[in-house]
Amino acid sequence: VSHEELTLQINGQPRTGVFPKGTRLLDALRRLGYTGTKEGCGEGECGACTLLLDGRTVNSCLVYAKQAVGRAVVTVEGVGARFADGLHPFQKAMVETGGVQCGFCTPGMIVSGCDWLDKGGSLEDADIREALSGNLCRCTGYSKILDAVRLAASRRPPDPR
Amino acid sequence: MAGVEIDVATSLEHALELLAPADPLVRPVAGATDVVLRLHVGKLKAQRLISIADLPELSYVKAEPEGFRFGAGTPLSDLLANAAFRAEYPSAVEALRQFASPQIRNRATVGGNIVNASPAADMVPPLISYGAWVRLRSQMDGVRALPVEDVFQGFGKTAIRADELVTEVFVPRRKRCFQAYAKFGSRSANVIAVINMAMCLKLDGDTIAEARVAYGSVAPKPYRALRVEDALTGRRLEAQLAADVEAVVREEIQPIDDVRGSKRYKLRLAIHATQDALTHAAAEVRA
């Protein structure tokens, strides 16, 4: 298999690597050291590999790395970057509520949850469930994850509008 | 799959140029949510992919007097978020809401859901029920258009040539029509339909002036049920209609046993979905 050099914008930083042609974004990231992004099913079902591509959640197992060139990639390592302690309020809330058990779904769950909160998503139970419907967790039964979304939202500064 | 060459098209014209040799092993790809997997398991043969993902020329939603036009590369989540579209096409909105997951909807495109030619495609029955068209472009022919139901020739097989791209979907105005969509699956998210169905009725009082009905997962391709449509056209929305339609659906729909359900179960669901839609239509007319 022949290789090609690709430069990706990851969490605001340009990162260059040489990858076999047809490499998925998920594999490119892990080879570049961004191992927070996990491969669960590799079929776009479980959401463990969720990240933000140009500000939208996507399954990185279903995106070719080459399709991400020139676009903004934000991984779980980057979602809290704008906060003083480097953690998004949802990450802290997940720790507090015990929304993490085995931890494998957690990076994807964090990216989807942070995205929902950052976009000012509704806190109705059905809407949170819908927002996280592309992320499967086999440990928690989801209730503590939903609690974490609500806890993080309750600490959100009031909307200035 | 590791090894596949990917050319990222920088414009629609560039994509058409790259596809012009009409090599069957060169495939266009947008959101890639199905192509990555099908290539990986060997269900799709391609040596080279032309990525048309994120081309702005293919991503738009326009409301026009005679209908809506949207770019084939419009992500499903953009269509779902479009207020004007939502107001007029509730059955498509229901199909979009139940489409896979937020992550997939952010990446997968309307055109992709059509050209993928899955018999279970979520968006296709509503589009057929609206009488939607696709616009195709190629360097050789310029532009041609096809009714959505004529795109499909069999399981994963389409009437689209290797040098052609679906660039646009056109949906006629259907504001005053009764619309219904039903999807059955083992759970409510990220599921492939056991069957799905869409119905669009033009009503004259409580009489059906025109009916379009399409089912998914009951045949090798998305299926427009002409006999069911004929049986509904000209009838009044009364309780007897739901009873009468059962025999027609039973005669027309011939699903097969597969991993998602038995032939008998799928037929039962198709009958139920059809009757349920007619019951709702009758209730809507009375209200």
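The model is predicted: local features need pLDDT of at least 70, side-chain atom pairs count only at pLDDT 80 or more, and totals for chains, interfaces and linings use all residues. Residues are numbered from 1 along each chain as its sequence is written, chains are lettered from A in the order in which they are written, and side-chain values use heavy atoms, without hydrogens and water.

**Stop 1: the sheet in chain B**

Select β4, β5, β10, β6 and β7 of chain B. In that order, these five strands form an open, antiparallel sheet. Strands here are DSSP runs of E, at least two residues long, and helices are runs of H or I, at least four, numbered from the N terminus. Two strands pair if DSSP finds at least two bridges between them. At the edges sit β4 (61–64) and β7 (142–147) of chain B, each pairing on one side only. From one strand to the next, the twist averages 20°.

Now zoom in on β5 (67–71) and β10 (165–172) of chain B. Five bridges join them in the antiparallel sense. Pick Phe70(B): its bridge partner in β10(B) is Val169(B).

Axes are lines fitted to C-alpha atoms, for helices over the stretch in contact, with angles from 0 to 180 degrees between N-to-C directions.

**Stop 2: where A meets B**

Show both chains. The contact (heavy atoms within 4.5 Å) takes 29 residues from chain A and 34 residues from chain B. About 2,400 Å² is buried between them, 49% of it from carbon and sulfur atoms. That is accessible area (1.4 Å probe) lost on putting the two parts together, summed over both. On the chain A side, highlight Leu62(A), Tyr64(A) and Gln67(A), which lose the most area to chain B, together 28% of what that side buries.

Next, look for charges. Five salt bridges cross this interface, each a side-chain nitrogen of Lys or Arg within 4 Å of a carboxyl oxygen of Asp or Glu. Select Arg56(A) and Asp78(B), a salt bridge whose closest N and O atoms are 2.4 Å apart.

**Stop 3: inside chain A**

Over all chains, the search finds 43 salt bridges. Select Arg82(A) and Asp118(A), paired with closest N and O atoms 3.0 Å apart. Arg82(A) lies in the loop between β5 (72–74) and α2 (89–97) of chain A and Asp118(A) in helix α3 (106–118) of chain A, so the pair ties together parts that are 36 residues apart in sequence.
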